[in-house]
Amino acid sequence: MSALCVTLVWIFVPVSTKQVDEEKAETSSQNKPSLFDYREILRLLRIPAVAELLGIKMFCSIAFFLLNSMMPIIQMEVFKMSPQEYGYFGTYLGIVYLICFSCVSPLTKRLSDINVMRVSELFVTIGDFGLALSNNYWQAGLAFLPRCFGDGILATMINSGLSKGVSAQDTGGVMGLSLSAGHVPHMITPPIAAYLFETFGYRSIGIGCFAINSILTVYLFRRKDAPST
């Protein structure tokens, strides 16, 4: 599968997806930064709205990994799913995400960016509330519908905003920061989720995710427009 993915990327991904300013490219090639240059990171974070979009992504990732780090245990121990049922459930989630990603283009044509972000985050919040109330995997499957819809579209909107708002030379750096911002919470959420699960039960994880995403939903609804780079 990895070899197939490499082959597909090699064949279909274009060499450049943005027009490159040749003068800037020549200048940047002459002044190449080191592999890890904190000054370059600070420069990217000072670009308008980059830090805000990365903060939104990190905040979303806390709730995402808080649940997903314990989801296999919840499904096996609480919902009493067999390994085969767990496999089917994973396939179901993959199909849901695939359908959700296909809705991005129609939504962006009908709604402004900020409204798309508001709607997607509201769906995530509703999904987390539903998961907190779920008693079996059928109810969890229904709750995952709005959650997957919101997660997929919001992540796409954030990456799109980061990519569109910077120059071609900065796109790779910003995408790297975006990937890091999305995975930094992965280092701290598993022990927190394990403590909540053992101490207060699995519903506490859903309530915690609901609280985090509720704060972010209020923040987005209070904004007049989308973070613009």
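The protein has twelve helices and zero strands as its secondary structure. The model is predicted. Along the sequence, the pattern reads α-α-α-α-α-α-α-α-α-α-α-α.

### Exercise 1. Overall burial and contacts

Determine what percentage of the 229 residues counts as buried, and what percentage of contacts between residues at least 6 apart in sequence joins residues at least 24 apart.

*Solution.* Step one concerns burial: 36% of the 229 residues count as buried.

### Exercise 2. The largest nonpolar core

Identify which residues touch the most other members of the largest nonpolar core, and which element contributes the largest share.

*Solution.* The core comprises 47 residues, and the members that touch the most others are Leu67, Ile74, Met117, Phe144 and Ile205. Two or more residues come from each of α4 (50-68), α5, α6, α8 (113-133), α9 (137-164), α10 (168-183), α11 (189-200) and α12. The largest share, ten residues, belongs to α9. As general background, nonpolar side chains in soluble globular proteins tend to be buried together.

Phe144 can then be examined individually. Leaving aside residues up to four places away in sequence, Phe144 touches Leu67, Met71, Phe89, Leu93 and Leu131. Phe144 also belongs to one aromatic cluster with Phe89 and Tyr92.

### Exercise 3. Two aromatic pairs

Classify the geometry of the pairs Phe64–Phe65 and Phe79–Tyr202, and state the burial class of each ring-bearing residue.

*Solution.* The structure contains eight aromatic pairs. One of them joins Phe64 and Phe65, with 5.3 Å centre to centre and 85° between the planes. Planes over 60 degrees apart count as edge-to-face, and the Phe64–Phe65 pair is accordingly edge-to-face. For burial, the cut-off is 20% relative accessible area. Phe64, at 24%, counts as partly exposed, whereas Phe65, at 11%, counts as buried.

The pair of Phe79 and Tyr202 is edge-to-face, with 5.7 Å centre to centre and 80° between the planes. Phe79 sits in the loop between α5 (71-78) and α6 (83-101), while Tyr202 belongs to helix α12 (residues 202-222), so this pair ties together parts 123 residues apart in sequence. Both Phe79 and Tyr202 are buried.

### Exercise 4. Enclosed and open space

State how many cavities of 30 Å³ or more are found, which residues line the largest cavity, and which element gives the most to the lining of the second largest pocket.

*Solution.* The cavity count is one at 30 Å³ or more, and the largest cavity holds about 50 Å³ of space. Its lining consists of Leu67, Met71, Ile74, Phe79, Leu131, Ala132, Tyr202 and Gly206. The elements α5, α8 and α12 each give two or more residues to this lining. Phe79 and Tyr202 are thus members of the lining as well as partners in an aromatic pair.

The second largest pocket has a volume of about 320 Å³. Of its 17 lining residues, Lys57, Ser61, Phe64, Asp151 and Ala155 lie nearest the centre. Two or more lining residues come from each of α4, α6, α9 and α10. The most come from α9, with six residues.

Key. Residues numbered from 1 in each chain as written. Predicted model: local features only at pLDDT ≥ 70, side-chain atom pairs only at ≥ 80, totals over all residues. Heavy atoms only, no water. Phe/Tyr/Trp six-rings, centres within 6.5 Å; stacked < 30°, edge-to-face > 60°. Buried < 20%, exposed > 50% of the residue type's maximum accessible area, 1.4 Å probe, protein only. Helix = DSSP H or I, 4+ residues; strand = E, 2+ residues; numbered from the N terminus. Core = buried A, V, L, I, M, F, W, Y, C linked by side-chain atoms within 4.5 Å. Contact = heavy atoms within 4.5 Å. 1 Å grid on protein atoms, 1.4 Å probe; cavity = no way out; pocket = protein on both sides within 12 Å on 5 of 7 lines; lining within 4 Å. Points joined across faces, edges and corners; volume = space filled by probe spheres on them.
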